[in-house]
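Student: Could you take me through a close look at a single part of this structure? I would like to see how one residue sits among its neighbours.

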Amino acid sequence: MSTVPFLPPPPEPGAPPERVLLPFPPEVDFSNADGLLPLIMSQARPARGRRPRVVVLDLTATRFMDSQGVRLINDVRHLLRPGTSVYVVARPESVASRVLELTGLRRDVPVYDNLDEAMAA
């Protein structure tokens, strides 16, 4: 199983951020998807009921993603509390973007071409 150095450290105690940005690693597949889920959820669903309004999953550095990446994004969506939205950022010509389109996930999750658009939405 590969390590996941891309996820940032947990936020400092205090008011929850409006948006939480979670960068994905260069590859998302069976070797690391299961390990990514608890890391993502620990930051997207902080303790004591505080939660961000939007979780932005940044796939701009992701060069390879298979169906496990789609499953991971769906798991995050379903495990978050109601009222927390999930946005995905994927470069238009990337493998990740193509996988999102082929699987139909683009219909269910807003996908942005760049990070600035996603963070401003």
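Tutor: Happy to! The side chain of D58 makes a polar contact with the side chain of T60, at 2.7 Å. A polar contact is a pair of N or O atoms within 3.5 Å; within protein, one must be able to donate a hydrogen and the other to accept it, and residues adjacent in sequence count only if both atoms are side-chain atoms.

A word on the source: this is a predicted model, where local features need pLDDT of at least 70 and side-chain atom pairs count only at pLDDT 80 or more, while totals for chains, interfaces and linings use all residues. Residues are numbered from 1 along each chain as its sequence is written, and side-chain values use heavy atoms, with hydrogens and water left out.

Back to our residue: D58 lies in strand β3, residues 54-58 (strands are DSSP runs of E, at least two residues, numbered from the N terminus). D58 is buried, meaning under 20% relative accessible area with a 1.4 Å probe, protein chains only. Yet D58 has no salt bridge, which would need a side-chain nitrogen of Lys or Arg within 4 Å of a carboxyl oxygen of Asp or Glu. The nearest side chain of opposite charge, R91, is 7.9 Å away; here Lys and Arg count as positive, Asp and Glu as negative, and His and the chain ends are not counted.

Who else is around? Leaving aside residues up to four places away in sequence, D58 touches L21, L22, P23, F24, V89 and L115, where contact means heavy atoms within 4.5 Å.

For a contrast, look at E101 in helix α3, residues 95-103 (helices are DSSP runs of H or I, at least four residues). E101 counts as partly exposed because its relative accessibility is 48%, between the 20% limit for buried and the 50% limit for exposed.
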